[in-house]
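Please open the model in your viewer and keep the selection panel at hand. The tour goes from one selection to the next and says what is found at each stop.

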Amino acid sequence: MKKIRWGIIGCAGIAKHSVIPGIQKSETGEVAAIASRGLDKAKQTAEELTIPTAYGSYEELLADPTIEAVYIPLPNHMHKEWVIRAAEAGKHVLCEKPLALTAQEAQEMAAACEKAGVVFAEAFMYRYHPRYNVIHDIIRSGEIGEIRGIHGTFTFNNAKDKNNIRYKQDWGGGSLYDVGVYPISAARMLLNEEPQAATVHALLSEEHDYVDMMASGILEFNKGVALTFDCGMWAAFRNTLEVLGTDGRIEVPSAFVVNQDERDNFFVHTKDGRREVEVPRLNQYALQADAIGRSIRNGEPLPFPASDAVLNMKVLDACLTSARERRRVEI
């Protein structure tokens with residue numbers, strides 16, 4: 001397969017430390033160019049990461065006819081504009097989560113990509129790791145019985161960095177946008193259904209432009225099953241997932257962050273005891289790039305199409321409304 005030539009729109013930390021190295025390690029892609037709003041920053045990042053071409057504007061990168069796909073790690077409020085501009089330039093698009101600020105925005109972005117005939121995906125890298133296929137298989141096998149509930153967490157503490165873009169409300173700041181989307185998407189994926197209602201309680205911090213610095217919530221699914229979750233940017237680090245069944249449970253200590261060592265393993269608890277399930281030491285960012293690459297080159301369906309991203313944003317809309325209005329919101 002001829003490798004996909006990727007362009008990176010922006011020099012965000014997630015791009016430099018995770019996504020770019022992942023694409024560079026993938027079987028299907030190579031990072032051919034990077035753009036920033038200033039040429040000096042683009043050149044510096046290109047030199048650090050061995051990227052051949054640097055551009056001093058996003059427009060220049062989109063005008064490069066050799067670039068086939070772009071990754072967009074810009075602040076959340078800029079996603080819609082640059083996804084649509086990339087699609088109109090004929091580029092396939094991988095956009096950092098959350099896809100947009102609202103489900104309506106996400107729908108408009110998906111429509112623009114469909115009209116342009118380009119592949120469009122949201123960057124939820126954890127879903128591409130094969131351990132989630134194993135978890136699916138265990139659930140389907142009946143080993144833990146019927147699912148009674150799911151609990152997910154994703155928290156970290158960066159509250160002292162008052163100038164961080166995560167703490168700008170108009171830019172799509174807040175913990176629900178930043179990390180709450182992980183347990184929400186995981187529950188939807190594992191249950192293979194959409195929640196009916198959301199109730200979320202949040203800490204809206206005056207020091208941080210009143211974004212949700214911590215949020216705890218419940219999503220109501222069919223048959224009395226619920227996702228309970230918490231997410232935060234002013235709490236100790238955790239990223240866990242538990243699937244509770246009638247006859248056992250699955251415990252994933254590092255549910256969304258992959259360390260490529262034994263910390264990625266998960267545990268199954270049943271009446272027979274606790275067993276550890278070893279998982280492959282793989283780079284989930286590379287796996288994500290390869291899934292998109294195969295879709296571009298071979299026309300393979302994306303495991304998680306743009307329509308899934310729109311549905312996830314619909315749930316997030318309800319969570320944000322519930323948190324701000326202190327009420328249960330039907331979805």
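By class, the second largest pocket of this predicted model is lined by 5 nonpolar, 3 polar and 5 charged residues, where Ala, Val, Leu, Ile, Met, Phe, Trp, Tyr, Cys and Pro count as nonpolar, Asp, Glu, Lys and Arg as charged, and the others, Gly among them, as polar. The volume of the second largest pocket is about 290 Å³, and to centre the view there, select I147, L191, E193, K223 and V225, which are the closest to its centre of the 13 lining residues. A pocket is an open set of points on a 1 Å grid over the protein atoms alone, with protein on both sides within 12 Å along at least five of seven lines, whereas a cavity is a set of points where a 1.4 Å probe fits but cannot get out; lining residues have an atom within 4 Å of a point. Grid points are joined across faces, edges and corners, and a volume is the space filled by probe spheres set on the points.

Next, colour α6 (131–141), β7 and α7, each of which supplies at least two residues of this second lining; the largest share, 3 residues, comes from α6. Helices (H or I, at least four residues) and strands (E, at least two) are DSSP runs, numbered from the N terminus.

Now move to the largest pocket, with a volume of about 1,100 Å³. Of its 43 lining residues, A12, G13, I14, P73 and R166 are the closest to its centre, and α7 gives the most to the lining, with 4 residues.

Finally, show the strands of the open sheet, 9 in number, in the order β14-β13-β12-β11-β7-β10-β9-β8-β15 with mixed pairing, two strands being paired if DSSP finds at least two bridges between them. At its edges are β14 (273–277) and β15 (329–330), each pairing on one side only. Strand β8 (residues 197–204) is antiparallel to β15 over 2 bridges, and A197 stands opposite E330 in β15.

Residues are numbered from 1 along each chain as its sequence is written. In this predicted model local features need pLDDT of at least 70, side-chain atom pairs count only at pLDDT 80 or more, and totals for chains, interfaces and linings use all residues, while side-chain values use heavy atoms, with hydrogens and water left out.
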